[in-house]
Amino acid sequence: MHSPRFERTSPSTLFGHEYIASIIDEGHILRNINLAHTAARALQGKSHSTVIMTATPVTTKPADLWNMGLLLGIAQFKDITQLKTMNRELTAAQRRDRKAQKEAGVEGSILRAVFVGNHNPEAAHEEYLPVMKKWMGRMREWFSPAVILRTMDSADSIGNKILGLPPYHDHSLKIKLLDWEMENLRNIARGYLDDCPINFYVEFRRSILHPHMNPTEERSWTKPKSMEEWDASPNTKSMKLDVLAILIKYHLESDGRRPLMMDESGRHLVSNPAFAAGNINPDEPDRIIIFSAFVTSNQAIVDILDLQGIHALELNGQTPMKKRKDILDKFRSSARPDGARVLILSGVGMVGLNLACANIMVVMDTLWSEQDDRQLRGRIYRHPQAKEVHVYRAIALKTADVFLNNISFSKGAMHEAFIGAD
């Protein structure tokens with residue numbers, strides 16, 4: 001039943017016409033039931049066919065996928081009884097998991113695994129994951145007649161890859177932190193395991209980059225006067241920042257250089273013998289993206305790069321739109337030898353931003369969500385990328401970096417349960 005106002009005004013809007021097809025890009029943005037979702041549903045009702053494109057059909061929870069099914073008008077997703085059953089089973093499993101985690105206490109706490117960077121064998125058995133996978137498999141069957149899946153390896157009728165991009169390479173830099181850094185993290189962990197605060201994540205993760213990322217009355221981040229002071233002063237140098245500066249300087253010295261890896265000590269970068277030197281484009285220099293999850297950490301990154309004579313641009317969620325365009329234009333047009341070929345990205349750019357002008361990315365802070373990680377990588381590994389892409393991941397051993405990099409997060413598991421073959 002439409003309101004009189006709708007009947008009066010709709011002929012002059014999108015909803016006053018019939019369409020052969022409606023095509024929605026970045027469809028996952030409409031995963032929540034809100035005005036935008038409702039408008040898209042109404043448009044679907046006016047269209048003979050609907051196409052929804054997305055790289056991340058599941059972003060947060062199984063209901064995301066259910067709502068995508070509603071957008072496509074698939075019959076099974078109109079069954080409210082099934083939806084209520086799914087939500088009831090998932091909520092009950094989460095409730096049992098929370099109870100089991102509470103009973104496991106400190107020894108079984110997920111926080112302990114986060115702090116030490118390993119799976120905690122004392123942790124409670126998780127019930128949510130199998131229930132979630134059951135429903136994802138069921139929804140996958142409902143979607144199967146209506147989905148075309150394309151991956152980086154999808155091929156055309158004669159076997160050529162459709163994507164047509166140069167190879168993509170992922171490099172894990174397993175870094176051993178200095179003694180003073182590890183002692184700082186242990187001190188933070190002791191306090192958290194005693195108090196178990198809800199906001200443990202930010203302070204602990206920021207400290208992995210450098211202990212002074214969490215300022216106190218006694219200490220705060222101060223730019224070293226020189227690389228000599230950085231290297232020589234106790235309680236100043238941090239390994240992740242040091243590795244970052246050396247890595248960036250190496251790749252800026254000349255284009256197409258062989259990628260680096262950490263040696264067995266976890267303290268030194270060395271050439272990776274598994275790779276040869278890459279392609280060199282005389283018209284486009286190598287450009288580098290640094291991803292930092294915390295805007296408050298960016299100043300330390302800028303300062304350390306500056307000590308190496310490297311000028312870096314910065315783009316974050318607080319950057320005004322006008323300035324944002326200027327920064328991106330400057331980065332995309334940067335040239336050898338003195339152009340600003342390094343861009344620090346944080347709090348912005350997961351979706352839609354085309355940075356294919358860069359071919360090297362350094363992920364300083366591992367993301368919680370595998371879907372966000374896919375979106376981040378997709379900023380540079382996309383058309384019109386003409387070079388091999390190298391993504392470095394700075395992983396501090398025996399810390400939360402390892403835990404976040406290795407664990408099968410439910411968000412990633414949901415995605416794989418939907419698109420996987422098993």
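**Entry 1: the largest pocket**

I began with the lining of the largest pocket in this predicted model, and I count 41 lining residues as computed, with Thr 54, Ala 55, Leu 149, Arg 150 and Thr 151 lying nearest the pocket's centre. For the volume of the largest pocket I noted about 1,900 Å³. I then looked up which secondary-structure elements contribute to the lining, and I found that β2 (50-52), α3 (62-72), α6 (128-143), α13 (370-377) and α15 (410-419) each supply at least two residues. Sorting the lining of the largest pocket by class, I recorded 22 nonpolar residues, 8 polar ones and 11 charged ones.

**Entry 2: cavities**

I next turned to cavities, and the search of the whole structure returned 2 of them at 30 Å³ or more.

The largest cavity has a volume of about 80 Å³, and I listed its lining as His 251, Gly 256, Arg 257, Gly 278, Asn 279, Asp 286, Asn 359, Ile 360, Lys 387, Glu 388 and His 390.

For the second largest cavity I noted a volume of about 30 Å³, with a lining made up of Leu 173, Ile 175, Lys 240, Val 243, Leu 244, Leu 247, Val 362, Met 364 and Ala 394. Here the class count for the lining came out as 8 nonpolar, 1 charged and no polar residues. Both β3 (168-175) and α10 supply at least two residues of the lining of this second cavity, and I marked α10 as the element that gives the most, with 4 residues.

**Entry 3: α10 against α11**

Helix α10 spans residues 239-253 and helix α11 spans residues 298-307; I found them packed at an angle of about 50°, with their axes 9 Å apart. I therefore wrote α10 and α11 down as oblique to each other, and I recorded their crossing as right-handed. On the α10 side the contact is made by Leu 241, Leu 244, Ala 245 and Ile 248, and on the α11 side by Ala 300, Ile 301, Ile 304 and Leu 305. By class I counted 8 nonpolar residues in the contact of α10 with α11, and no polar or charged ones.

How values were computed: Residues are numbered from 1 along each chain as its sequence is written. This is a predicted model: local features need pLDDT of at least 70, side-chain atom pairs count only at pLDDT 80 or more; totals for chains, interfaces and linings use all residues. Side-chain values use heavy atoms; hydrogens and water are left out. Axes are lines fitted to C-alpha atoms, for helices over the stretch in contact, and angles run from 0 to 180 degrees between N-to-C directions. Angles under 35 degrees count as roughly parallel, over 145 as roughly antiparallel, 65 to 115 as roughly perpendicular and the rest as oblique. A crossing is left-handed if the near helix is turned anticlockwise from the far one by less than a right angle, and right-handed if clockwise. Contact means heavy atoms within 4.5 Å. Ala, Val, Leu, Ile, Met, Phe, Trp, Tyr, Cys and Pro count as nonpolar, Asp, Glu, Lys and Arg as charged, and the others, Gly among them, as polar. On a 1 Å grid over the protein atoms alone, a cavity is a set of points where a 1.4 Å probe fits but cannot get out, and a pocket is an open set with protein on both sides within 12 Å along at least five of seven lines; lining residues have an atom within 4 Å of a point. Grid points are joined across faces, edges and corners, and a volume is the space filled by probe spheres set on the points.
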